[in-house]
Amino acid sequence: MIVAELKTIEEIRRMIDRYDSVLVVGCDSCVAECAAGGQRETMLLGAALRLAYRKEGQDRTITDACLDRQCVDDFIQGIAHQVPEHDAILSLGCGAGVQALARVYQDKPIFPALDTLFIGETEMRGVWQENCLGCGQCKLGWFGAVCPVTRCSKKLMNGPCGGSVQGRCEVNPDIPCGWQIIINRLESLGELDRLGEYVPPVNWSTSHAGGPRRVEREDQKP
Amino acid sequence: MKTESRLEKVLRAGHFAVTAECGPPKGSDASILQTKGKHLLGCVDAVNVTDNQTAIVRMSSVAACSILKNMGLEPILQMVTRDRNRIALQSDLFGAYALGINNVLCLTGDHQSFGNQKECVGVFDLDSIQFARTVKEMRDNGTIIGGEAIQGPPKFFIGAAANPFADPVNWRVVRLAKKVDAGVDFIQTQCIFNIDRFEEYMRQATDRGLTDKVDILAGVTPLKSAGMARYMAKNVAGMDIPEALIERIAGVPKERQASEGIQIAIETMQRAREIPGVKGIHLMAIEWEDRVPEILKAAGLHERPEV
């Protein structure tokens, strides 16, 4: 899923203060799972904004709404009836959600309430870990299902580097060394031999390095 | 002989090699570099020129190598993959060789979060092992990555770093083997303070037959003070400074700590020299280039062979 975090109210207000009415739109998918932009967070942000404006004696219309998925056209239509009544939309979707709203509601200013961070997993309640960079050619099969491109701070394919100490990354002791995880896992599976071979340079052209990516499938089109 | 490198000639002739390090200045003043370089003339076989070490912006290592070369030194061009993609790396290799530089040390580099440009993108298009393989293919096949032919292939003597003290410990020699397979000719190790652990590492390397395929130079850094020892032990990635060693420096009065540090470095060099498979010393006297001649003299390593 996509993991994101709420921006500060100050930053959000610098973007939306000029509008009299704002539709605050959450997304009940990934960003709900990471407790940043789901139904609950949308309601809380709406309330916080209303309170802030009221305290300053400003008369604003702040309306909450939440879509099941902000990145899919069919769902986005769910707020179509509310959009015309508002001057702007504040999205609690990920970057994809914000841009999807902007594509559908072309005449409406759209603003992000979240900072979109990464593709990751919920490791435990309150802990989210980045583990996929979407490089376009998954090599997890060779690394014990632990991604060196994502979990190593230097994207080493023939790691580990010389800076790993007691299983922690040189960048920050809070970061577990991805290569230590790879080696431990392959060792416990008895497949350490997979790491003996030289891994040639990565073809980054399938990642974002090749420009914005797009998938088109004729068998899926209407 | 694979190259025109003086270091290769020294090693092939069976001499015990000595290299030192010279950090380029944080600016364009060539005289700072030349002053440092003067101290090293005649007492080392080659000089490593660091590449924006610890991710601090400094004079380009290619330019600094060229300046030192013109003074009569034999530069080892350090190149990190942190700052350049494969286009820039390969292009700089062409340029460096055209300037008469014959040695390259292939590194990934310290992460940019250590330096003074913490907000930058780290490139890491290649890792150090892929980079070493690239330099080898340029030299031996005359091709760049992807197989296109080179007009006048650069013929570098290829080096890499090794840290016998980083974790996971049981993986260090495997990684050394991968570097050797990638085509590395010589290795310069991370600073050795824990000589027992280094001896064990060398034993493993020898058992795997690696010391027959690659020349290993033992990395030594003289400590200037107990403070520096503690700082390095705590803050430098992958550094193993035993507590007993810190206590030894801390045990002498402040004004004598530098000479105690030098004494330890001399003892380390002498002991390293006795370890099977060690073919030379890489003396990293950080911002202490002027002391290199006396340290080498005291260690009996200052007279360099004619090759």
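Analyst: The lining of the largest cavity splits into seven nonpolar, four polar and two charged residues. Ala, Val, Leu, Ile, Met, Phe, Trp, Tyr, Cys and Pro count as nonpolar, Asp, Glu, Lys and Arg as charged, and the others, Gly among them, as polar. This is a predicted model: local features need pLDDT of at least 70, side-chain atom pairs count only at pLDDT 80 or more, and totals for chains, interfaces and linings use all residues. Residues are numbered from 1 along each chain as its sequence is written.

User: Which residues lie nearest the centre of the largest cavity?

Analyst: A:C152, A:S153, A:C161, A:C169 and A:C177, out of 13 lining residues. On a 1 Å grid over the protein atoms alone, a cavity is a set of points where a 1.4 Å probe fits but cannot get out; lining residues have an atom within 4 Å of a point.

User: What volume does the largest cavity have?

Analyst: About 100 Å³. The volume is the space filled by probe spheres set on the points, which are joined across faces, edges and corners. The structure holds one cavity of 30 Å³ or more.

User: Switching to the interface. How many residues of chain A and chain B are in contact?

Analyst: 30 residues of chain A meet 26 of chain B, with contact meaning heavy atoms within 4.5 Å.

User: Which residues in chain A lose the most area to chain B?

Analyst: A:K154, A:N158 and A:Y198, together 24% of what that side buries. The side of chain A touching chain B has 15 nonpolar, 10 polar and five charged residues.

Key:
Chains are lettered from A and ligands numbered from 1 in the order in which they are written. Side-chain values use heavy atoms; hydrogens and water are left out. Buried area is the accessible area (1.4 Å probe) that two parts lose on being put together, summed over both. On a 1 Å grid over the protein atoms alone, a cavity is a set of points where a 1.4 Å probe fits but cannot get out, and a pocket is an open set with protein on both sides within 12 Å along at least five of seven lines; lining residues have an atom within 4 Å of a point.
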